[in-house]
Amino acid sequence: MHIDISGLLKFADFFPDGFFSDYLVQERINDSLAEVRSKQTEVNDIISGLRARLEKGKIELENMEIERIQLIEQYGNL
């Protein structure tokens, strides 16, 4: 992500020319803010997915451990 305020807008923001330059700068800020919020949502979705995969992996590991113990007990009784 890259926030770009062009040289003209930087210059215009220092000049007291008023509403138009302030509007353009504010529009860029709002666009950047929307992009940041969108990326934040994407990151949160990725984190949620990773947590779900971790929980699934833990359950699979527990089941494999139970199966391992059952196999040891089964073959130990032969």
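Tutor: Lys39 pairs with Glu42 in a salt bridge, and their closest N and O atoms are 3.9 Å apart. A salt bridge here is a side-chain nitrogen of Lys or Arg within 4 Å of a carboxyl oxygen of Asp or Glu. This is a predicted model: local features need pLDDT of at least 70, side-chain atom pairs count only at pLDDT 80 or more, and totals for chains, interfaces and linings use all residues. Residues are numbered from 1 along each chain as its sequence is written, and side-chain values use heavy atoms, with hydrogens and water left out.

Now place the pair. Both Lys39 and Glu42 sit in helix α2, three residues apart, about one turn of the helix. Helices are DSSP runs of H or I with at least four residues, strands are E runs of at least two, and both are numbered from the N terminus. An α-helix has 3.6 residues a turn, so residues three or four places apart point the same way. Side chains of opposite charge can pair when their charged atoms come close.

How covered are the two partners? Lys39 is partly exposed, at 40% relative accessible area. Glu42 is partly exposed as well, at 39%. The cut-offs are these: buried is under 20% relative accessible area, exposed is over 50%, and partly exposed lies in between (1.4 Å probe, protein chains only).

The structure holds three salt bridges. Lys58 meets Glu55 in one of them, at 3.7 Å from N to O. Lys58 and Glu55 are three residues apart in helix α2, about one helical turn. Lys58 has a relative accessible area of 40% and is partly exposed. Glu55 is partly exposed too, at 42%.

Glu65 and Arg68 form another salt bridge, with the closest N and O atoms 2.6 Å apart. Again, three residues of helix α2, or about one helical turn, separate Glu65 and Arg68. Glu65 is partly exposed at 35%, and Arg68 is partly exposed at 44%.

Now the helix itself. Helix α2 covers residues 19-76, which is 58 residues. At 1.5 Å a residue it should span 86 Å, and its end C-alpha atoms are 84 Å apart, which agrees. The expected span is 1.5 Å times one less than the number of residues. Which residues of α2 are buried? They are Ser21, Val25 and Ser32.

Last, the whole chain. It has two helices and zero strands. Buried residues make up 6% of its 78 residues.
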